[in-house]
Amino acid sequence: MVRGGTAVSQAFKDAVELIEPGVHQFFPVEILLKDGTLYKDPIYFLNIATRVESINPELGGFNRSFNPKTPDRFYWSAASGKAEFLAVYKDRIAGRALWKDNRFGGIYDFASDALLEQLRKTAPNGWDIKDYFQEI
């Protein structure tokens, strides 16, 4: 992550494009190192172009919250200390690599198990992958 957006590698871009070709936007950027030289590998700013209501509250990992200004709308927030109960609907994210969930604030990036598996195969080094949400 970089200030102002998410920066991704060519390997990440390729993995996303393998699963969802032409869906998300990747803007090439040049990275200057402190010594003024260009970073040698391609880097892209990522714009996730998919919104899905994917939150599955059935396991109890989420709290349903309301904004007093818009009581007819709600959003989900993670329940404290219940990370093992966080889940998304598998059928709603089938065939997807990345998405945002508007009911989870729309600010967090979600990645599918399919994308994580592809990254493990094609770019196994340098990833700190943590699974927080089950796909059920």
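Author: Two strands count as paired if DSSP finds at least two bridges between them, and that rule is applied here to a predicted model.

Reader: How many bridges join E1 to E3, and in which direction do the two strands run?

Author: Strands of a sheet pair through backbone hydrogen bonds, either parallel or antiparallel. In E3, Tyr44 is the bridge partner of Val8, and Phe45 is that of Ala7. E1 and E3 run antiparallel, and the bridges that join them number four.

Reader: Which strands stand at the edges of the open sheet, each with a single partner strand?

Author: The open sheet has three strands, paired antiparallel in the order E1-E3-E2. One side of each edge strand is left without a neighbour in the sheet, because each has a single partner strand, and these edge strands are E1 and E2. From one strand to the next, the twist averages 40°.

Reader: At about what angle to E1 does H1 run?

Author: The buried residues of helix H1, which spans residues 10-19, pack against strand E1 (6-9), strand E2 (25-29) and strand E3 (43-47), as well as against E7 and helix H3 (113-122). H1 lies across E1, E2 and E3, and the angle at which H1 runs to E1 is about 90°.

Reader: Within what arc do the buried residues of H1 fall, seen down its axis?

Author: The buried residues of H1 are Phe12, Lys13, Ala15 and Val16. They line one face of the helix, because, seen down the axis of H1, they fall within an arc of 165°.

Reader: Is Phe104 buried or exposed?

Author: Phe104 lies in the loop between strand E7 (98-99) and strand E8 (110-111). Leaving aside neighbours within four places in sequence, Phe104 is in contact with Ile55, Phe62, Trp76, Ser77, Ala78, Phe110 and Phe133. Buried means under 20% relative accessible area. The relative accessibility of Phe104 is 11%, so Phe104 counts as buried.

Reader: How far apart in space are Phe104 and Ala78, C-alpha to C-alpha?

Author: Ala78 is among the residues in contact with Phe104. In sequence, Phe104 and Ala78 are 26 residues apart, while in space their C-alpha to C-alpha distance is 8.6 Å.

Reader: What is the relative accessibility of Ser112?

Author: Ser112 lies in the loop between E8 and H3. Not counting residues up to four places away in sequence, Ser112 touches Arg96, Ala97, Trp99 and Glu135. Ser112 counts as buried, because its relative accessibility is 2%.

Reader: How many salt bridges does the structure hold?

Author: Side chains of opposite charge can pair when their charged atoms come close. The number of salt bridges in the structure is two.

Methods. Residues are numbered from 1 along each chain as its sequence is written. This is a predicted model: local features need pLDDT of at least 70, side-chain atom pairs count only at pLDDT 80 or more; totals for chains, interfaces and linings use all residues. Side-chain values use heavy atoms; hydrogens and water are left out. Buried means under 20% relative accessible area, exposed over 50%, partly exposed in between (1.4 Å probe, protein chains only). Contact means heavy atoms within 4.5 Å. The arc is that of the directions from the helix axis to the C-beta atoms. A salt bridge is a side-chain nitrogen of Lys or Arg within 4 Å of a carboxyl oxygen of Asp or Glu. Axes are lines fitted to C-alpha atoms, for helices over the stretch in contact, and angles run from 0 to 180 degrees between N-to-C directions.
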